[in-house]
Amino acid sequence: LDAVSSNVASNPLMRLSFTVLDSASNLSTAFDDLQTKAANGQIDSINIDPSDTDPITLTADQIGSDSKAIAKLASGTAVKIDDTAQNILDNIADVKLLKANSGVTLTVAPNDSSPPDLTVANMKDIMFVTDSTLGSFTYNIADHIGNIIKEATSDANGIIAGAAAVTASETDPVNLTHDQVTLLSGLSNMTMPTYYNEV
């Protein structure tokens with residue numbers, strides 16, 4: 001595509017656009033460049049070679065910055081977001097939009113090397129875009145004690161039970177009822193607040 005584009009660049013009457021067909025690996029590596037070409041109207045469609053079963057692998061911020069190229073992906077294209085949980089959260093609006101795009105098969109894979117500290121709301125966002133399939137992703141919950149209690153009461157999403165560690169973010173003493181103390185004390189991964197008043 002680069003070679004052909006440079007050859008016709010000097011002819012203003014020539015307007016060429018192409019269907020790009022390549023391996024998922026090559027498309028992943030060149031995706032930012034494909035964004036430029038898509039923005040210039042040089043690309044009609046981007047396709048993974050049918051013999052290749054791998055997805056196009058992108059970072060979370062590319063979902064927004066390379067939106068023109070993403071719009072050119074052929075229907076059914078497999079895309080994998082391989083990034084840290086924080087970067088996924090920083091770009092969660094764009095990731096959710098892509099998730100809603102029925103033309104793309106999206107996999108989101110947090111790749112943190114050590115468990116990040118996340119709030120309950122953070123984990124709900126990540127679980128939403130990963131279809132609750134987190135694989136080997138490990139995380140800690142660090143949140144306000146009220147949010148922890150509210151989620152732990154039923155833990156319908158398994159967020160509290162699945163955390164490597166659960167800690168309250170408050171630094172001042174907190175008031176807890178007897179039932180709340182019993183609930184939190186029963187969590188094997190919970191570090192109880194250093195100071196709390198049982199009321």
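Modeller: A residue is buried under 20% relative accessible area, exposed over 50% and partly exposed in between (1.4 Å probe, protein chains only). This is a predicted model, in which local features need pLDDT of at least 70, side-chain atom pairs count only at pLDDT 80 or more, and totals for chains, interfaces and linings use all residues. Residues are numbered from 1 along each chain as its sequence is written, and side-chain values use heavy atoms, leaving out hydrogens and water.

Colleague: Is K37 buried or exposed, and what is its relative accessible area?

Modeller: K37 is found in helix α3 (residues 31-39); helices are DSSP runs of H or I with at least four residues, numbered from the N terminus. K37 is buried, because its relative accessible area is 8%.

Colleague: Which side chain makes a polar contact with the side chain of K37?

Modeller: A polar contact is a pair of N or O atoms within 3.5 Å; within protein, one must be able to donate a hydrogen and the other to accept it, and residues adjacent in sequence count only if both atoms are side-chain atoms. At 3.0 Å, the partner of the K37 side chain is the side chain of D33.

Colleague: How are the rings of F137 and Y139 arranged?

Modeller: Rings of Phe, Tyr and Trp (its six-membered ring) pair with centres within 6.5 Å; planes under 30 degrees apart count as stacked, over 60 as edge-to-face and the rest as tilted. The structure holds 1 aromatic pair. The centres of F137 and Y139 are 5.8 Å apart and their planes lie at 25°, so the pair is stacked.

Colleague: Which of F137 and Y139 are buried?

Modeller: The limit given above for a buried residue applies here too. The buried residues of this pair are F137 and Y139.

Conventions
Helix = DSSP H or I, 4+ residues; strand = E, 2+ residues; numbered from the N terminus.
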